[in-house]
Amino acid sequence: MERFLPEGRIFEQRLDLSLEALAEAMETGRILEAIPIRCDSEHNLHFQLGELHAVMPREECAVGIQEGRVKEIAILTRVGKPTCFVVEGLEGDNGQIVPRLSRRIPQEHCLRWLMSLPLGMVLPAIVTHLEAFGAFVDVGCGVPSLLPLDSISVSRIPHPSSRFCVGDEIYVLLKDQLPEQGRVMLSHKELMGTWEQNAKRFQPGEVVTGTVRGVMDYGLFVELAPNLPALAEPTEGIACGDRVTVFIKNKLTEREKIKLIVLGKAEENPGILPPEYYLTEGVLTDWSYYKNR
């Protein structure tokens, strides 16, 4: 199956960017990557490919730039970062060869590929930007897609930065395709396992640490793992975001609940809890977090 990778993955392969290699890539349509060294005042990107100076015209820098659907910042922020392209031409300028590059073309190919995939396909992605409402990720050739906040994990988190950092390599699930809008809808929580899979790691009588994700009159919701919230008894002086030490009072497997007692605040601060994946490839056709509900 044809596959399009997030930007940066091809760059890691240390490509041959000689004139001969560029000419061959132009003939075959091979996708290459390099780092732009400059964006000029007309928003054309400039590259140094071995001994050759190459140019990516503004309208070729991204799908939607020419039509105004994509903001110019999408071009400006490419400077200094691996950027994919195909070679459109090898043009002469004062006796020198100047490769003409296009990022728009591989992005269009990638979008067609995304629209052809079965729903539930697991894809690698790279986090590119964080907003309060979700994380933007690169699902191939710099094509941006939104991962909504409520799709990141079963455990409620206040902001995507509770789970991701820009540049993180993650996996996402293809939830829907919107070809008329040129975008796809993604999810993430399904890949981090069901209640049963996560709960197997914890047993009654253990003392562990967790992060408080909700404070209610009837108790505290404590995140034991990125996809496993549990309920603790009401405790004074504890707020959302606090790291706490908890005693696992009971695990009600038939009701898919874990009950905790807060022993106190924890000095341990592991920072962002990284995703723990139970699935990183293939197609997920059916998923239910709870088995018995």
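Arg 213 counts as buried, at 18% relative accessibility. Buried here means under 20% relative accessible area, exposed means over 50%, and partly exposed lies in between (1.4 Å probe, protein chains only). The model is predicted: local features need pLDDT of at least 70, side-chain atom pairs count only at pLDDT 80 or more, and totals for chains, interfaces and linings use all residues. Residues are numbered from 1 along each chain as its sequence is written, and side-chain values use heavy atoms, with hydrogens and water left out.

The side chain of Arg 213 meets that of Glu 223 in a salt bridge, 3.0 Å from N to O. A salt bridge is a side-chain nitrogen of Lys or Arg within 4 Å of a carboxyl oxygen of Asp or Glu. The pair links distant parts of the chain: Glu 223 sits in strand E13 (residues 219–225) and Arg 213 in strand E12 (residues 207–216), ten residues apart. Helices (H or I, at least four residues) and strands (E, at least two) are DSSP runs, numbered from the N terminus. Glu 223 is buried, with a relative accessible area of 0%.

The structure holds 15 salt bridges. One of them joins Glu 169 and Arg 9, at 3.4 Å from N to O. Glu 169 belongs to strand E10 (residues 169–178), whereas Arg 9 lies in the segment before helix H1 (19–28); 160 residues separate the two. Glu 169 counts as partly exposed, at 47% relative accessibility.

Arg 100 and Glu 59 form another side-chain salt bridge, with an N to O distance of 3.9 Å. Arg 100 is in strand E6 (residues 96–102). Glu 59 is in the loop between strand E4 (52–56) and helix H2 (73–76), 41 residues from Arg 100. Both residues are partly exposed: Arg 100 has a relative accessible area of 25%, and Glu 59 has 29%. Salt bridges also link Glu 7, Arg 78 and Arg 103 in a network.

Helix H3 (residues 104–116) has 13 residues. From first C-alpha to last, H3 reaches 19 Å, close to the 18 Å expected at 1.5 Å a residue. The expected span is 1.5 Å times one less than the number of residues. The buried residues of H3 are Ile 105, Pro 106, Gln 107, Cys 110, Leu 111, Trp 113 and Leu 114.

Ser 41 lies in the loop between strand E2 (38–39) and strand E3 (45–49). Ser 41 is exposed, with a relative accessible area of 74%. Its C-alpha atom is separated by 28 Å from that of His 109, 68 residues apart along the chain.
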